[in-house]
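Here is a friendly walk through one structure, with the chain and its fold side by side. Please keep both in view while reading.

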Amino acid sequence: MNKPQEQIPEEEMKLPDILPVLPLKDVVLFPYIILPLSVGRDKSIQAVDQALAENRIIMLAAQKDPTVEEPGQDDIYHWGTAALIMRMLKLPDGRIRILVQGLSRARIEHFSQTEPFLKAKVEQIDEYPVDEPSLELEALTRAVKEGLDTVVNLGKNISSEVMILAANLDEPGRLADLAAGNLELKTEDAQKILEASSPFRRLKTINDLLMREIQLLKMQQEISLQARGEMDKGQREYFLRQQLKAIQQELGEGQELDEEVAVFRRLAREKGMPEEAYEEVEKQLKRLERSHPESAETAIIRTYLEWMTGLPWVTFSEDRLDLDNARKILDEDHYDLEKVKERILEYLAVRKLKNDTKSPILCFVGPPGVGKTSLGRSIARALGREFVRISLGGVRDEAEIRGHRRTYVGALPGRIVQGINQAKTSNPVFMLDEIDKVGSDFRGDPSSALLEVLDPEQNHSFRDHYLGVAYDLSQVMFITTANLLEPIQPAFLDRMEVIRLSGYTGDEKLHIARRHLIPKQIELHGLTRKLISFSAPGIRKITANYTQEAGVRNLERELAAICRKVAVGVASGKKKKKTVVTPENVEKFLGPAKHFSQELLHSNRIGVATGLAWTAAGGDLLFIEVVTLPGKGELRLTGQLGEVMKESAQAALSYSRSCCADDGLPDDYFTRHDIHVHVPAGSVPKDGPSAGITIASAIVSVLKSKPVSRRIAMTGEITLRGDVLPIGGLKEKVLAARGAGVKAIVLPKLNERDLGEIPDHLKKGLTFHFVEHMDEVLDIALITSSRKKKTARKSTSSSKQKRTARR
């Protein structure tokens, strides 16, 4: 606190012209005020030493910016106070403490020295004389004195000596300086008062500042009273709550919360959760103990503790490592699918030899209805693990995977943690269905959130937002399913082992129907084998004429429809004999045929080539039709072709023009004729990179007037140089060709290695031509003159046989 001092005699107030300058941080000294200062800067210490060596008088001026450590001439206010150094004390750390008393206002005219310390020529500013005091000045003096009393009463810390001196002071200038030195003003406000030479102006300014300080102190007092009232209310509620607790204990009530806390604590110890999780549970239990039983926060804490103590932290189901039994179970549930079965047996074999091996992350990719989801259940049964399935189709919120933070109302863990809690073990078979249909929007990208779940290097410490602690997912066997790989994020796909499930052949569907679908439907409809049976030709007719799919889902529906009709007859008493489903009575149960098998052309035609296409439902035949007509050299494409297929057509046309350049066509042929490429079934969108050689064959067929063999199907992409590039979906395309009666298939040379994955019974009766260049395709597909005669004779003989058969 600044201390007052008696007035110094006039003879002691004459100042030297040159004085050392001491810059001050965040403080302004007024005349006649005593102030202790701490000096630590080297320049400032040297200035003090110089003043002590001369006449103990030093110029004190405030810094404009207190953060400047080495203030220069422009960093210091030129108005300050010349002060007398009354005492000096050196401290052990090199700093010094001085006690100074303000002597008089002074103004720096110019700096005479900057090194090694500041020195300046100063001008002493004398106090303006006050003539006969006016009523206004007397009123201001009284107002300032009353203001000082008011701020002290409101809690301002001003010493009693200052208040006594202020009460006895009649000089306006001295009173203004005394008040300013004890009000803890900002440097800018204090400097304005210091630079005001007129006592009246200083007193008026200090009165305005006093009024503002009084308002601030009153507002501060109101805030303090309000806070004290709220605190008193809280203490009163706590006291009443303790009384209520005591009353409930006397009545034998209110023990539920304590018992609940004890149960949670016991469960936390029994679950064997990691140290991090246990500490979090203990923290929440302490909060629960302090909470009111009926408060909303108690319900949130209770729900969190239920999840934490309900998870199977160290509970694992024991794997069945009997390879023969696992193979038996997989064969019972699914026909064929040898690649998947072999992968599961490999995992079991490795697990048998090394117990701590990481679980694989498999991705089953294939058309709908081929048994991807049911295969997951069979794997769980073979391993002896629990099975959990969640569908990710249409999921757009990242919180569905990672969970919601507990700050949100109704927050819950993500679906991964919910699935683990549902399984009651930490190593279930966890199926993530339809991962190719995961969406993303402003709420986040679930695919990116799944990266941590499906990464074996990270999922040992998966952190759900709701739990807030790490959970080990490394022992979970994740299986994902998808119809297509293209929509899946590359980084996401990189973490999975992809196993493709192709469509079933007619023979495979027959076996699946007999072993799985028919027994299941007979049991579901309350029938027995004595009431209904299906013949093999009948099943084949249902498969061929009433379903058109790679899987068996629609086949199962048609079998169920037949079982329902038989069940109606049995329940009404009309059918007492066994019903045998044959090709002759299938139409009676299911109505007219819904689909017709894709058939080859009846004859070899110019400008029509047979291609093979892959669809989500399996393989299919694709007929490419080409005609030329007078025009302006345009290429017309119809049949709802996609961008990739349009580019294949452009490349095929360019190659065909270069191929037929030497075949006697007029030079202006391509400028005077349009080439129209059409793919039938115009209502169905078509796209893909494997129709290039088929389009090129059809175009060359028209340009050379040579028909394309109807018994040959082809697939492959073409370049401008005529090279044939590899394709995908080979098994599905072979199935489609076999079903349509194709005798030979033209394939890219690089796909020869994929032929080994196709079962031998599918390849039986088919001839495979592997080509590297388009010239080889044309040699195989186009029919020359000699081949035309042979084909014509075969066609005539075939027509006679058909007419005889019709008779």
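Lys119 counts as buried, because its relative accessibility is 14% and the cut-off for buried is under 20%. This lysine sits in strand β7. Beyond its neighbours within four places in sequence, Lys119 is in contact with Ile18, Leu19, Pro20, Val21, Gln50, Glu54, Phe111, Ser112 and Gln113. Please bear in mind that this is a predicted model.

The loop between β6 (96–113) and β7 (119–125) holds Pro116. The peptide bond from Glu115 to Pro116 is cis, with omega near 0 degrees.

Two other loops carry backbone angles worth a look. Asp26, found in the loop between β2 (18–24) and β3 (33–39), has a positive phi of about 60 degrees although it is not a glycine. Ser705 also has a positive phi without being glycine, here near 55 degrees, and its place is the loop between α23 (692–704) and β21 (712–714). With 56% relative accessibility, Asp26 counts as exposed, whereas Ser705 at 43% counts as partly exposed.

Is Ser648 buried or exposed? Ser648 has a relative accessibility of 3% and therefore counts as buried. Helix α21 (residues 643–659) is where this serine is found. Not counting residues up to four places away in sequence, Ser648 touches Gly688, Pro689, Gly692, Glu717 and Ile718.

Now to the nonpolar cores. In the largest one, which has 51 residues, the members that touch the most other members are Leu392, Phe430, Leu432, Ile435, Val453, Leu473 and Phe478. Helix α9 (residues 296–310) contributes the most to this core, with five residues. There is also a second, separate core of 50 residues, and Leu29, Ile58, Leu60 and Leu154 are among its members. As background, nonpolar side chains in soluble globular proteins tend to be buried together.

Setting aside neighbours within four places in sequence, Leu392 is in contact with Ile401, Leu432, Asp433, Glu434, Ile435, Lys437, Val438 and Leu450. One of these contacts, Leu450, belongs to the buried residues of α15, together with Pro446, Ser447, Ala449, Leu451, Glu452 and Val453.

Why is helix α15 (residues 446–453) described as largely enclosed by the rest of the structure? The reason is that seven of its eight residues are buried. Those buried residues of α15 pack against several elements: α13 (399–402), α14 (415–423), β10 (429–433), β11 (462–463), β13 (477–482) and α16 (490–494).

Next come the helix pairs. Two packed helices are described by the angle between their axes and the distance between the axes.

| Helix pair | Axes come within | Crossing angle |
|---|---|---|
| α7 (residues 256–271) and α8 | 10 Å | roughly 175 degrees |
| α8 (residues 275–290) and α9 | 10 Å | roughly 155 degrees |
| α17 (residues 506–524) and α19 (residues 553–572) | 10 Å | roughly 45 degrees |

The axes of α7 and α8 cross at roughly 175 degrees, and α7 is therefore roughly antiparallel to α8. In this contact Leu257, Val261, Phe264, Arg265, Ala268 and Arg269 of α7 meet Tyr278, Val281, Glu282, Leu285, Leu288 and Glu289 of α8. The residues involved in the contact of α7 with α8 are eight nonpolar, no polar and four charged.

For α8 and α9, the axes cross at roughly 155 degrees, and this makes α8 roughly antiparallel to α9. The crossing of α8 past α9 is left-handed. From α8, Ala277, Glu280, Val281, Gln284, Leu285, Arg287 and Leu288 meet Glu297, Thr298, Ile301, Tyr304, Leu305 and Met308 of α9. The residues of the contact of α8 with α9 comprise eight nonpolar, two polar and three charged.

Lys509, Ala513, Leu517, Ile518, Lys520, Gln521 and Ile522 of α17 make the contact with Leu555, Glu556, Leu559, Ala560 and Cys563 of α19. By type, the residues of the contact of α17 with α19 divide into eight nonpolar, one polar and three charged.

Definitions and conventions. Residues are numbered from 1 along each chain as its sequence is written. This is a predicted model: local features need pLDDT of at least 70, side-chain atom pairs count only at pLDDT 80 or more; totals for chains, interfaces and linings use all residues. Side-chain values use heavy atoms; hydrogens and water are left out. A nonpolar core is a set of buried Ala, Val, Leu, Ile, Met, Phe, Trp, Tyr and Cys residues joined through side-chain atoms within 4.5 Å. Buried means under 20% relative accessible area, exposed over 50%, partly exposed in between (1.4 Å probe, protein chains only). Helices (H or I, at least four residues) and strands (E, at least two) are DSSP runs, numbered from the N terminus. Contact means heavy atoms within 4.5 Å. Axes are lines fitted to C-alpha atoms, for helices over the stretch in contact, and angles run from 0 to 180 degrees between N-to-C directions. Angles under 35 degrees count as roughly parallel, over 145 as roughly antiparallel, 65 to 115 as roughly perpendicular and the rest as oblique. A crossing is left-handed if the near helix is turned anticlockwise from the far one by less than a right angle, and right-handed if clockwise. Ala, Val, Leu, Ile, Met, Phe, Trp, Tyr, Cys and Pro count as nonpolar, Asp, Glu, Lys and Arg as charged, and the others, Gly among them, as polar.
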